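Please open the structure in a viewer and keep a selection tool at hand.

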Amino acid sequence: MPINIEKISYRGDIMSMKKHIEWFFVIFSNDFRQKKVEAFEMVMFLAVAHFFGCYNPNQLADYLGIGHQGLYQHLSELSLYSLKRLLLKFMVKQATEQLNPIMEKSAATRSRAGITLSVDNTVIDRCGKLLCCAWSWYSGRWKKVVNGHDLLGIVMTINGIAFPLSLLFCSKQGRGNTNKPDLLISMLNDLIEAFDREGIDLTRFPITMDSWYASNDLKLRLRDLGFVKVIIAGKGNFTFTIKGKKQKASEWKKQIRLIAGQWGINVPFRRVHALSPTFGELVICFYGKNTTSNYYLMDFSQTSLRGSEIWSIWKHHYIIEVFWKVLKSVLGIK
């Protein structure tokens with residue numbers, strides 16, 4: 001039977017949960033025409049229940065003192081594809097509420113808001129043998145290949161706050177393309193369409209990515225989508241030609257002399273033009289991350305950006321790393 005949130009009684013703050021769920025119903029009121037209100041209500045309960053220490057339907061049922069079967073019956077009425085569409089709509093709604101006031105202001109105000117799309121993946125190591133989408137992935141945490149889930153995410157940063165727009169569990173099997181660049185392009189296409197329905201052009205915002213995304217094919221596909229500002233972290237084994245000399249980036253990092261105190265850049269920095277057999281002509285920005293290591297960024301933009309603009313865009317990328325840590329700890333998936 002349906003769960004009546006008006007009659008549930010337990011020791012927690014049920015009214016607080018009810019208030020949050022009603023907010024979801026206001027947003028998704030037009031999505032209930034298939035008479036699956038109970039299924040959606042159950043999903044919203046599970047989402048809010050994470051903040052009460054309940055991470056699965058059994059724990060929530062025990063906490064509320066109700067039967068388990070009813071919860072699973074309602075959940076079976078809502079497909080994963082429907083849930084994915086609802087989550088995408090919710091994430092886009094959250095971001096557009098913050099974007100609309102900013103986009104009406106001056107260019108300087110929009111720039112200070114630091115609106116950036118950050119793309120990254122994280123590996124959640126698992127011990128189970130029968131879990132879906134659990135494969136062998138390289139883990140940056142363990143510095144080796146582990147068995148687990150690889151989660152690909154796109155996070156929008158607005159005024160230093162992370163708004164997760166799209167999250168996807170990657171797989172190594174399936175009927176369609178399963179490589180990450182293809183998955184990323186598919187995710188970006190969905191987001192562009194969703195933001196377009198809200199009257200916002202997503203391609204006007206810059207994108208930042210880690211080095212494993214880097215390829216000339218990906219650069220061209222991003223340009224075809226309309227993105228004009230793309231900053232990618234580089235790898236030490238990439239080869240570049242600078243001023244007629246060709247060698248690996250790991251050697252260039254030792255030889256490029258960084259300049260401190262440049263306008264708008266709070267780390268030692270150097271911006272140079274280069275040629276790559278893999279990426280063609282591009283701009284490389286070397287910077288000192290600490291006293292012992294130098295790193296570099298590749299500017300894949302259609303027109304070369306200023307050094308201060310490249311650094312301003314990249315310095316927001318760390319927020320997606322913070323988001324992963326919060327996701328793993330607060331939502332109990334670490």
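Begin by selecting Ile 310, which is found in helix 10, residues 307-314. The model is a predicted one. Is Ile 310 buried or exposed? Its relative accessible area is 1%, so Ile 310 counts as buried, the cut-off for that class being under 20%.

Next, display the surroundings of Ile 310. Leaving aside residues up to four places away in sequence, Ile 310 touches Ile 231, Arg 271, Cys 285, Leu 297, Asp 299 and Leu 305.

Now zoom out to the whole protein. Its secondary structure comes to 11 helices and 11 strands, and 45% of its 334 residues count as buried. If a surface is drawn, the accessible surface comes to about 18,500 Å², with 52% of it belonging to carbon and sulfur atoms. Among contacts between residues at least 6 apart in sequence, 60% join residues at least 24 apart.

Which residues touch the most other members of the largest nonpolar core? Select Met 156, Phe 195, Phe 240 and Met 298, which hold that place among the 56 residues of the core. The largest share of this core, nine residues, is supplied by helix 7. Apart from it lies another core, of 14 residues, including Ala 233, Phe 269, Val 283 and Leu 297.

Not counting residues up to four places away in sequence, Phe 195 touches Val 92, Ala 95, Thr 96, Leu 99, Met 156, Leu 165, Ile 200 and Leu 202.

The next selection is a pair of helices: helix 7, residues 180-197, and helix 8, residues 216-225. They pack at an angle of about 10 degrees, and their axes are 11 Å apart. Because angles under 35 degrees count as roughly parallel, helix 7 is roughly parallel to helix 8. To see the contact, show Pro 181, Asp 182, Leu 184, Ile 185, Leu 188, Asn 189 and Ile 192 on helix 7, together with Leu 218, Arg 221, Leu 222 and Leu 225 on helix 8. Sorted by class, this contact has eight nonpolar, one polar and two charged residues.

Finish with two loops. Select Asn 159, in the loop between strand 3 (144-158) and strand 4 (161-169). Although Asn 159 is not a glycine, its phi is positive, at about 55 degrees. Then select Lys 243, in the loop between strand 7 (239-242) and strand 8 (245-248). Lys 243 is not a glycine either, yet it has a positive phi of about 55 degrees. With a relative accessible area of 82%, Lys 243 is exposed.

Notes. Residues are numbered from 1 along each chain as its sequence is written. This is a predicted model: local features need pLDDT of at least 70, side-chain atom pairs count only at pLDDT 80 or more; totals for chains, interfaces and linings use all residues. Side-chain values use heavy atoms; hydrogens and water are left out. Axes are lines fitted to C-alpha atoms, for helices over the stretch in contact, and angles run from 0 to 180 degrees between N-to-C directions. Helices (H or I, at least four residues) and strands (E, at least two) are DSSP runs, numbered from the N terminus. Angles under 35 degrees count as roughly parallel, over 145 as roughly antiparallel, 65 to 115 as roughly perpendicular and the rest as oblique. Contact means heavy atoms within 4.5 Å. Ala, Val, Leu, Ile, Met, Phe, Trp, Tyr, Cys and Pro count as nonpolar, Asp, Glu, Lys and Arg as charged, and the others, Gly among them, as polar. Buried means under 20% relative accessible area, exposed over 50%, partly exposed in between (1.4 Å probe, protein chains only). Accessible areas come from the Shrake-Rupley method with a 1.4 Å probe; for residues, only the protein chains shown count as cover. A nonpolar core is a set of buried Ala, Val, Leu, Ile, Met, Phe, Trp, Tyr and Cys residues joined through side-chain atoms within 4.5 Å.
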